[in-house]
Amino acid sequence: EEIINFSKDPELLIFNVHFPIIFHTTESPSKEVGTSLKNDAECAVLGYYLNAILRRGINGNRVEPKEIGIISPYRGQRDLILESYHQANPEIEIGTVDAFQGREKKIIILSCVRSQTKHLGFLRNEKRLNVALTRAKALLIIIGNAETLQKCSMWNKFITYCHQNRGIVGDFLSVNYDAAHDEAKAEKEEIPSDEKEDEYDG
């Protein structure tokens, strides 16, 4: 119970203190880097939460860097996050989804990266999404373009869940309740070559 209620902080969970999930939606497009992707805006938002948590703590309780895990499914974003924040906080674990398989952290920050793209690639992989969303013991922060992600029915259900529990912050979001009907077309799309080469390396 102490861990479950750790993040009930009105300064952090400003809309619903009983819902320890923050979905921070952004609109900035992702960019190709080699065979992977990165998103500078998501990296900056991630830094905002990271600095706030480490400096202020949660409910007056100090958060140790080793209690935080940062996940991104794309190498390009993982490398950008490492370059931006790892030197100052080497105890924070930064990796892809597979690196956190079977493991947990008190706080998880997930950067989804893909934004304003036609397809979602392996972000539609249900098993790996399940891993990413269940690594947090006390607080989960997701940073991504909800408009892009909710084209997939799986993400649509999760984003709708966050919206109903007042866990959405950031850029304006218009929830697309019909997104599930759009997925049939998306399922027919072939995953592009960059997704096959870059898929969730450890």
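1. The model is predicted: local features need pLDDT of at least 70, side-chain atom pairs count only at pLDDT 80 or more, and totals for chains, interfaces and linings use all residues. Residues are numbered from 1 along each chain as its sequence is written, and side-chain values use heavy atoms, with hydrogens and water left out.

2. The chain has 7 helices and 8 strands, taken as DSSP runs (helices H or I, at least four residues; strands E, at least two) and numbered from the N terminus. Of its 202 residues, 53% count as buried, that is, under 20% relative accessible area with a 1.4 Å probe, protein chains only. Among contacts (heavy atoms within 4.5 Å) between residues at least 6 apart in sequence, 79% join residues at least 24 apart.

3. The largest nonpolar core has 30 residues, of which F23, I142, L149, W155 and F158 touch the most other members. Such a core is a set of buried Ala, Val, Leu, Ile, Met, Phe, Trp, Tyr and Cys residues joined through side-chain atoms within 4.5 Å. Two or more residues come from each of β1 (21–25), β6, α3 (126–133), β7 (136–144), α4 (146–149) and α5 (153–164), and α5 gives the largest share, 5 residues. A second, separate core of 27 residues includes L50, I94, A138 and L139.

4. Leaving aside neighbours within four places in sequence, L149 is in contact with F23, C112, L120, L123, G144, W155 and I159.

5. Helix α2 (75–86) has the buried residues G76, Q77, R78, L80, I81 and Y85. Their cover includes β2 (31–33), β3 (36–38), α1 (40–56), β4 (68–71), β5 and β6 (105–111).

6. N89 lies in the loop between α2 and β5 (93–95). This residue is buried, because its relative accessible area is 16%. N89 touches L54 and P65, not counting residues up to four places away in sequence.

7. The structure holds 2 cavities of 30 Å³ or more. A cavity is a set of points, on a 1 Å grid over the protein atoms alone, where a 1.4 Å probe fits but cannot get out; lining residues have an atom within 4 Å of a point. The second largest cavity holds about 60 Å³ of space, a volume being the space filled by probe spheres set on the points. Residues L12, L13, I14, F15, N16, F19, I21, I22, R166, G167 and V169 line the second largest cavity.

Note on methods:
Buried < 20%, exposed > 50% of the residue type's maximum accessible area, 1.4 Å probe, protein only. 1 Å grid on protein atoms, 1.4 Å probe; cavity = no way out; pocket = protein on both sides within 12 Å on 5 of 7 lines; lining within 4 Å.
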